[in-house]
Amino acid sequence: MFRRAPLLLGLLLLPGLGHPLTAGAYELFGPVKAAIIRVVDGDTVLVDAMPWPNQRIRTYVRLRGIDTAEVNSSCAAFRQSANLAKQALSAMVDGRHNVTLTEISGDKYFGRVVATLKTDDGQDLAQALMQRGLAHPYAGKRKPKQTCPD
């Protein structure tokens, strides 16, 4: 009987050992308060996140679920759209000291996270950009090729 105990214990612990390796294990649901340092572009901000008391982590955050045009695009129309999205995002967070991050996970590009960002009054920044026509849905996969209208 005692010969099987280590085997049984190992089988019971094995599922728990695999858990940190799953993608879901790397998601933090939040909420995490953060102060916006600057708007990088229409879908990325630099924040000082405060996940624990007296602890600050400066990190780039991509807004979950959207994509905006790239500021450094070779297409003038895409650059204009990118600048409009950046200006709109800047206006939405201007004068606000804090935002809240939820659904926080790693990004496909290391060095930043993906999260839902809401202002203190509950405005979802990604949804607001989509409602204004400055962003389109994005699920983190390959982006479709867009033709420059110029």
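Author: The buried residues of α2 are F78, A82, A85, A88, L89, M92 and V93; buried means under 20% relative accessible area, exposed over 50%, partly exposed in between (1.4 Å probe, protein chains only). This is a predicted model, where local features need pLDDT of at least 70, side-chain atom pairs count only at pLDDT 80 or more, and totals for chains, interfaces and linings use all residues. Residues are numbered from 1 along each chain as its sequence is written, and side-chain values use heavy atoms, with hydrogens and water left out.

Reader: Why do the buried residues of α2 line one face of the helix?

Author: Seen down the axis of α2, they fall within an arc of 125°, so they line one face. The arc is taken from the directions from the helix axis to the C-beta atoms.

Reader: Which exposed residues are on the face turned away?

Author: Q80, Q87 and A91.

Reader: And what do the buried residues of α2 pack against?

Author: β1 (32-41), β2 (44-50), β3 (57-63), β6 (112-119) and α3 (125-131). Contact means heavy atoms within 4.5 Å; helices (H or I, at least four residues) and strands (E, at least two) are DSSP runs, numbered from the N terminus.

Reader: Now the cysteines. How many disulfides does the structure hold?

Author: It holds 1, joining C75 to C148 with S to S at 2.0 Å. The cut-off for a disulfide is a pair of cysteine sulfur atoms within 2.5 Å.

Reader: Where do the two sit in the chain?

Author: C75 is in the loop between β4 (66-67) and α2, and C148 is in the segment after β7 (136-137), 73 residues apart.

Reader: Buried or exposed, C75?

Author: C75 is buried, at 5% relative accessible area, while C148 is partly exposed at 29%.
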